[in-house]
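Welcome to this guided tour. Keep your viewer open and follow along, one selection at a time.

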Amino acid sequence: MKQEKQIELRSEKVRNIIGKIPSTMVRYGTVFIGLALFSILVVSVFVPYRETIPIKISVEKTNSLLFGKAVVSKAQLPKISLGNKVIINDPLLGYVEASVTQMLIDPLPDDGFMREIVVTFIQQPTLNSLVGNDIMEGQIILSDMPILKKILQSLGF
C-alpha cells in the first residue's frame with residue numbers, strides 16, 4: 001500500500017489570515033457599499049432621463065392665432081413626432097409650455113439641411129404676453145422615462 005503524503009500548501013501566516021474573523025470595518029464597509037448600491041438603484045427608478053433637442057422658436061402672429069416656428073436639422077427630424085412636448089424658459093414670461101403641431105419636410109431655401117417645425121402654445125394666459133417676431137429658446141422633449149428603464153432598454157430588456 002502506498003502511503004500518500006499530504007503536502008500542506010499554505011504557510012502558517014496564510015492559515016492565520018484565513019482563520020480570522022473579518023474586522024468590524026470590513027463587515028460594516030461591505031454593508032455600507034451594499035446599501036449605497038441599493039439606494040442608487042431605488043433613485044434610478046424615480047429620477048427621469050430627459051432626452052431633448054434644443055431649439056430657438058420665433059413667434060409668429062396671424063390675425064388672432066399665435067404660434068412658433070423652429071428650425072431643426074434634417075437628421076433630428078425623424079426623432080421628433082407630432083404632439084411632442086416643448087418647454088420654453090423665457091426670462092420675461094417664465095415657463096411656457098407648447099407642443100409640436102406640424103413638421104414641414106421641405107428644406108429651407110437658404111439651407112437644404114434644415115427643416116421647419118410649427119409649435120403651438122398650450123398655456124392661454126401667456127399668449128397675451130407674447131409678441132410677434134420674438135425669439136425664445138426652448139427644448140423639444142423626445143422622451144421622459146426613468147433612468148433605470150432607459151438603461152434596461154439600452155441593454156435590450
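**Starting with the whole chain**

Residues 24 or more positions apart make up 62% of the contacts in the protein that have a separation of 6 or more; a contact here means heavy atoms within 4.5 Å. Before going on, note that this is a predicted model, in which local features need pLDDT of at least 70 and side-chain atom pairs count only at pLDDT 80 or more, while totals for chains, interfaces and linings use all residues. Residues are numbered from 1 along each chain as its sequence is written, and side-chain values use heavy atoms, with hydrogens and water left out.

Show the cartoon next. You will find three helices and six strands, in the order α-α-β-β-β-β-β-β-α along the sequence. Helices (H or I, at least four residues) and strands (E, at least two) are DSSP runs, numbered from the N terminus.

**Walking around the barrel**

Select the strands. What do they form? A closed barrel of six strands, running β1-β2-β5-β4-β3-β6 with antiparallel pairing. Two strands pair if DSSP finds at least two bridges between them. Strands of a sheet pair through backbone hydrogen bonds, either parallel or antiparallel. On average, neighbouring strands of this sheet are turned by 40° against each other, direction ignored; axes are lines fitted to C-alpha atoms, for helices over the stretch in contact, and angles run from 0 to 180 degrees between N-to-C directions.

- β2 and β5: seven bridges link them in the antiparallel sense. Pick F67 and look across to T120, its bridge partner in β5.
- β3 and β6: three bridges, again antiparallel. I88 stands opposite G138 in β6.
- β1 and β6: eleven bridges join these antiparallel strands. T52 faces I141 in β6, and Y49 has M145 as its bridge partner there.

Then select residues 147-155, helix α3, which packs on the sheet and touches β1 and β6; the helix direction makes about 70° with that of β6.

**Looking into the core**

Which residues touch the most other members of the largest nonpolar core? Among its 20 residues, they are I55, V86, I88, I117 and I140. A nonpolar core is a set of buried Ala, Val, Leu, Ile, Met, Phe, Trp, Tyr and Cys residues joined through side-chain atoms within 4.5 Å. Each of the strands β1 (48-62), β2 (65-73), β3 (85-90), β4 (94-104), β5 (114-121) and β6 (135-146) supplies at least two residues of this core, and β1 gives the most, with four.

Click on I140. Beyond its neighbours within four places in sequence, I140 has contacts that include I53, I55, V72, V86, V100 and I117.

Buried or exposed? V96 is buried, because its relative accessible area is 0%. Its C-alpha atom lies 7.6 Å from that of F121, 25 residues apart along the chain.

How values were computed
Buried < 20%, exposed > 50% of the residue type's maximum accessible area, 1.4 Å probe, protein only.
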